[in-house]
Amino acid sequence: MVGRAFRFTLLGAAGLGLAACSRYTTPGGPADFRALGITQSEVEAKTDAGIAVKMAKKPLASFPTSIATVRVQARGYRSYSLDGWGEGDFTVITVRDIETEEQLEKLTKLPMIREIVPINRMVMTGNVRTERDLRDAAANLHADMVAIYTLDTKFGTSTTVPYLGVITLGLFPNEQATVTATASAVLIDTRNGYIYGAYEATSKKERLTNAWSTQDAIDAARRDAESSAFDLLVDQFVEGWPRILSTYAKQ
């Protein structure tokens, strides 16, 4: 009798996990940098007029420099723990849920960086359509450069041992939940949109599905993966900063 009650308890817990997953709202997608108009991937042997304008841009930032930072996502972005802001083509995330003070301190300690300042609602409109709107907000902060970043997060499951669930009558979890987050960023000139560098990092986190018993647990897994990806992105920026200085800073 006790064994039967124990079995029903475990089955109930498994059902709770599935119910939580079915109710959890997957956050929206990443911001499309191509739609923002800040990529140069179309440049080939023959340059058309539009690309020629981009290629003609020259770096205008001065050193020591100040960098404004802003996270953008797809229009209508919403996660379990926060909502995006704005009514334009892109959503601006003004709440720090994956960034840490340690990461900010790491950036501010880099040579020739005067300050790192986040863009907030006070210096921008809610209608973001292109990178020009973000540069305008950075100009309000008198920042020479603006770092624009976005997160692309995917959820999935895989079977760890195919027949384990059948053998144990579903009492032992044989499904592994996976959260994969990719952080992408570009560093551009506030004055004319010149691109100084592009960065991308991916982090993958795996847990047994019975760990996803609540929406809070699922969102915690999401934040964990995104924070890890963002941390790797910061490391890439730190490693690449000396190249930017050697190329653009006046000796």
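The following legends describe close-up views of a predicted model of a protein chain.

**View 1. Confidence along the predicted protein chain.** The mean pLDDT of the protein chain is 78, and 73% of the residues reach at least 70. Among the elements of the chain, strand S3 (residues 113–118) has the highest mean pLDDT, 95.

View 2. Where pLDDT is low, the predicted coordinates should not be read in detail.

**View 3. The aromatic pair of Tyr149 and Phe230.** The structure holds seven aromatic pairs. One of them joins Tyr149 and Phe230 in a tilted arrangement, with the ring centres 5.0 Å apart and an angle of 40° between the planes. This pair links distant parts of the chain, as Tyr149 belongs to strand S4 (residues 145–159) and Phe230 to helix H7 (residues 215–248). The two residues are 81 residues apart. Both Tyr149 and Phe230 are buried.

**View 4. The aromatic pair of Tyr194 and Tyr196.** Tyr194 and Tyr196 form an edge-to-face pair, at 5.2 Å centre to centre and with 75° between the planes. Tyr194 counts as buried because its relative accessibility is 16%, under the 20% cut-off. Tyr196 has a relative accessible area of 3% and is therefore buried.

**View 5. An aromatic cluster of four residues.** Phe63, Tyr199, Phe237 and Trp241 together make up one aromatic cluster. A pair of aromatic rings is described by the distance of the centres and the angle of the planes.

**View 6. The second largest cavity and its lining.** The model contains two cavities of 30 Å³ or more. The second largest cavity has a volume of about 30 Å³. Its lining consists of Leu82, Asp83, Gly84, Trp85, Ile93, Thr94, Val95 and Arg121. By class, four of the residues lining the second largest cavity are nonpolar, two are polar and two are charged.

Terms used
Residues numbered from 1 in each chain as written. Predicted model: local features only at pLDDT ≥ 70, side-chain atom pairs only at ≥ 80, totals over all residues. Heavy atoms only, no water. pLDDT = per-residue confidence, 0-100. Helix = DSSP H or I, 4+ residues; strand = E, 2+ residues; numbered from the N terminus. Phe/Tyr/Trp six-rings, centres within 6.5 Å; stacked < 30°, edge-to-face > 60°. Buried < 20%, exposed > 50% of the residue type's maximum accessible area, 1.4 Å probe, protein only. 1 Å grid on protein atoms, 1.4 Å probe; cavity = no way out; pocket = protein on both sides within 12 Å on 5 of 7 lines; lining within 4 Å. Points joined across faces, edges and corners; volume = space filled by probe spheres on them. Nonpolar A, V, L, I, M, F, W, Y, C, P; charged D, E, K, R; others polar.
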